[in-house]
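Please read these points with the model open beside you.

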Amino acid sequence: MSLLNSKVPSGPLAEKWDNHKFSVKLVNPSNKRKFEVIVVGTGLAGASAAASLSELGYKVKVFTYSDSPRRAHSIAAQGGINAAKNYPNDGDSIFRLFYDTVKGGDYRSREANVYRLAQVANDIIDQCTAQGVPFAREYGGLLDNRSFGGAQVSRTFYARGQTGQQLLIGAYQALARQIAEGNVELHTRTEMLELVKKDGEACGIVTRDLITGEIKSHSAHAVVLATGGYGNVFYLSTNAMACNTTAVWRAHRKGAFFANPCYTQIHPTCIPSSDEFQSKLTLMSESLRNDGRIWVPRSDDDKRPAGQIPEGERYYYLEEKYPAFGNLVPRDVASRNAKTVVDAGHGVGHLENGVYLDFSDAIQRDGLETIKAKYGNLFDMYENITGEDPYSVPMRIYPATHYTMGGLWVDYNLMTTIPGCYSIGEANFSDHGANRLGASALMQGLADGYFVLPYTIGDHLAPKLGDDPVPTSDPVFTDAVQGVSDATDRWLGVNGSRSVDWFHRELGKIVWDNIGMERNKADLETAISDIPALKTEFENDVRVPGSGANLNSSLEKVGRVADFFELAELMARDALEREESCGGHFRAEHQTEEGEAKRDDENMAHVAAWEWNGEGEVQTRHVEELVFENVELTQRSYK
Amino acid sequence: MSGSGNTNVLNLTLKVWRQEGPNATGSFDSIPVEGIADDMSFLEMLDIVNEQIIEQGGIPIEFDHDCREGICGACGVMINGNAHGPKKGTTTCQLHMRNFEDGDEIVVEPWRASGFPIMRDLVVDRSPFDHIVESGGYISVNTGAAPDANLIPVPKDASDMAMDAAACIGCGACVAACPNSAAQLFTSAKLSHMNLLPQGQAERWKRTEQMVETMEQFFGACTNHGECTEACPKEISLDNIAFMNRDYLKSKVKNRKLTGQVFP
Amino acid sequence: MAATSTQRGVTPIRPAPRKTLPWPIQFYRSAVGRKWVMGVTGLMLLGFVVVHMLGNFKAYISPESIDHYGEALRDMGGHLVPRTHLLWAMRLGLIGAFALHIHAALSLTLMSRRSNPQSGIDGQKKYAGSQDYIAANFASRTMRWTGPIIVLYILFHLADLTWGTRSDEFVRGEPYHNMVDSMSSLPVAIIYIVANLAVAIHIFHGTWSAMQSIGINNPRINGIRKPVSMGLAALVLVGNLSFPIMVQAGVLDEETSEESAPALVLSEEVTS
């Protein structure tokens, strides 16, 4: 495919990154200050990239819709961050981390990118430790590791249950240092609403100040989008309330290809929603499945409390179906089976939307104190949210959307198909293939921001030496500003009857029911016809109260939901075209007799990248073939 | 249904602070709220109130919030005079309505302090916290310059204490709850985090001096009431403040001494 | 603080410190430094209160005992320094500590008031909500009331028993007689009782607060900081209240005093 040049360097896998760093164009240290870079988003990827670029000498402008860079949703990651340091001496290596990540991604990621990720992961741990991230330590004062997400080696570094928070604070503080030195200009409570291009290249963005409503242009030599994933397309997810796809989607509409939108990850152990107005789902650590037994009443109209259901009338569906792995089957298998039993009417809780995760056997076996020591925090959290005591009543759990592997298509340099526009972290599609391993999200965000982008961006910037950024008085900017303020006025003028949240909820239901854990042709076609219909209603009946001249959260949300509508439709199309099951994408038509995901490596071992064709037009699907030279493709089985 | 997850329904009256903008004068609005399930979170209750307001053609209540799992630190309102509400060690988003009784009047106010000017309704500007961090709340290490992570062993106790302090989410409840609007708990937690670690020693005295002095440009003076720790959703200890006070005096002496050595 | 950090901004309530001043002055200009000074001077004053009380206990031994004690204070330093000079040095130290303590307290109060326009003074609520304080106790909230009470009390106490301006019965150099004479009046006894309640309350929060302000914190002693403050406050309360109560109860009375009074006659000029 000539359109999608991945720019993967030549040479043996282990030498590709070194070769590339040598061949990539460099900007002379004293010239770096002549270049301006815009970074949108201040999560792990954005904050680390902005800080690192600024340390190198570039002039950086950073934008976040939050009131402080430290609020970005990377902060909520609990588990840890992987690196092949091999401190425990248990046989880990860069190649093993690479191999596990490619395999975990169900062979739908780019080998060279993943290998580079595994290579720089070690540097991330060094960097973060030096920044003062209080990783867990052993009594000897050295770093502790744990095994995570079913990995065969202990390679996960962690800081209590708050690894994401600590890593983000580390990156935020590095950014704060650059702000204090005057190299970074920080814009808080400022949302990017348009990407601006001139002569085919990204040259700036248009933003709205969320407090004053001012719509403004910012120009630069390059634009970096580090705006996270699109899990909130489901309405209910473990993402933060403000997480959105707007920055990425506006770039897509300007020509950046969107890759693999159908790859979404579902996390099996979340607390089920308690009513229709639930705003978000809370994730609980997967480690609970180590000791909890998952079951539902065998009869679909059993209304008794859990304690009154005799052993013989309980359906331990995972243990029965997968005797070898039992309750420890992978995330997607656990999630899908939960959906199957709930759809068949076995669900528990007053909305019948969960399955039991029962610790009574574990408490009997190990004693209450042991269970308390292991899971006390999680049990407290559960009790705080549900008001039920999980020591005496089984927990109720249900899967929820957690992470999105799809995102803007990027080449080996992390540049999108728009020259000068980069995408890093969860916002791009690059490293996780069709499924992400536990403790790899933090790794990828920081790898991109600290160690990849600062090198690769030079390739685009070096030839521009001497060129000033396009002035914001240029018509490309004034037109873009006009477009954004017209859109604002349009939303404020609809004056319909329903709130933005109402439409978002309805959209979420369509997406969850039809493009959720298990997909099939009919459902996907339903989604493709229902979503535009709801979108039309949305455009004509939404009510955005207030004005555009001050803080107006309805106005912020309406644009984000509008973009989710378009993305949801693309997700359905992508899922429909991907005639196989792989990773986070499960097509009911493509499964083995045991109900396992069945890949089609013959025809589907490629990245699907979609090109925007204009309002109301269906996007064009482009293909980047994936070549596997270093790993052998295998089909997994958990029987 | 199997007995679990029963909900009670509450009818409440909200007395909410409404203020159109930073320079507008605000006042309380009384809003009756009906049919609130007690397993909703406080912010979900506000969501419902807002949805009702929108349907009736009004302007919804603005409030800060994001992750809704108690870690981002964006949310935070005074509920009946309590920062983050009546439950200890909890953020507003993790506060559930079962902590209230049917028929309650709930007074909802923004954080109040000169350092946290109100932007609109319940939203305040907490950027002075960022300024405090910018003035020294970091360990200066450029990307790529770090030695191997295991080069410097850190005693487990020091690491654990640093982590206790680093758990701060920067929500501002400490300032809001403080009768003096002092930011000692936030600043001292940030200082303890780095001053306890070997990695943070090189800049320890400079960091302490600068962060304390930046803090004092925006916030009041601590009188050791201890309200901050009580309000803190992460229950950060007052010991950090004592530690900061001790380090601040040392910093005044040591910073001079260092300068004296470098420039005799 | 970087000028570039944000397009909006919060106006500081104080300017950045001037780095050209000598460091002790810089230190005192900061709020943390002032709390240090309050803590250190507070502990000095606490030491004075405790020693003063212990000295007064001599009244329970015998009238001569306390009268001799008073004389010994003036004679401190023996023949090495001129009479009363050492006592005056200590008095000046105390006055200095008082002045600093009060100045720091006033300036910190003003600073907090600026940082918190909604609340008039410490102890007054910032919020309309009903909840009262959680951790702040009566003592900590009333420091800025017990403080001024103590100042007024000290002036009264000096007038009463040092300068002797309250009563014609005052005899310089006879502390026992003066004390019994003064406290046998019920209104005066009540003044002493109320004032010492304020002193004890002030000490209760002040001692703990001083340890916090000057950074005395260590896992080994943190647990006893509150009990120690409580104990000191109780000691001072019980000890100092005992004098007016015992005088009122007749345990300490003039009869014992008069027997011994002629034994000690001192020249006027050396007793102030």
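How much area do chain B and chain A bury between them?

1. Chain B and chain A bury about 6900 Å² between them, and 49% of that is on carbon and sulfur atoms. Buried area is the accessible area (1.4 Å probe) that two parts lose on being put together, summed over both. Chain B gives 81 residues to the contact and chain A gives 91. Contact here means heavy atoms within 4.5 Å.

2. A word on the basis. This is a predicted model: local features need pLDDT of at least 70, side-chain atom pairs count only at pLDDT 80 or more, and totals for chains, interfaces and linings use all residues. Residues are numbered from 1 along each chain as its sequence is written, chains are lettered from A and ligands numbered from 1 in the order in which they are written, and side-chain values use heavy atoms, with hydrogens and water left out.

3. Stay with chain B and chain A. Their interface holds six salt bridges. A salt bridge is a side-chain nitrogen of Lys or Arg within 4 Å of a carboxyl oxygen of Asp or Glu. E51(B) pairs in this way with R505(A), with the closest N and O atoms 2.7 Å apart. The chain B side that touches chain A has 36 nonpolar, 23 polar and 22 charged residues. Ala, Val, Leu, Ile, Met, Phe, Trp, Tyr, Cys and Pro count as nonpolar, Asp, Glu, Lys and Arg as charged, and the others, Gly among them, as polar.

4. Now look inside chain B. It is divided into domain 1 (9-119) and domain 2 (126-262). The bounds come from an automatic or database domain assignment. The C-alpha centres of the two domains of chain B lie 30 Å apart. In contact are 19 residues of domain 1 and 20 residues of domain 2. These domains bury about 1500 Å² between them, 59% of it on carbon and sulfur atoms. Three salt bridges are counted between the two domains. D64(B) also forms a salt bridge with R126(B), at 3.5 Å between the closest N and O atoms.

5. Which residue forms a salt bridge with R155(A)? The partner is D92(A), with the closest N and O atoms 2.9 Å apart. R155(A) counts as buried, at 2% relative accessibility. D92(A) is buried too, at 6%. Buried means under 20% relative accessible area, exposed over 50%, partly exposed in between (1.4 Å probe, protein chains only).

6. E191(A) and R560(A) also meet in a salt bridge, at 2.8 Å from N to O. E191(A) sits in strand β6 (residues 190-198) of chain A, and R560(A) in helix α15 (residues 553-577) of chain A, 369 residues apart. Helices (H or I, at least four residues) and strands (E, at least two) are DSSP runs, numbered from the N terminus. E191(A) is buried at 6% relative accessibility, and R560(A) is buried at 8%.

7. R225(C) forms a salt bridge with D239(B), the closest N and O atoms being 3.5 Å apart. R225(C) is buried, at 4% relative accessibility. D239(B) is partly exposed, at 26%.
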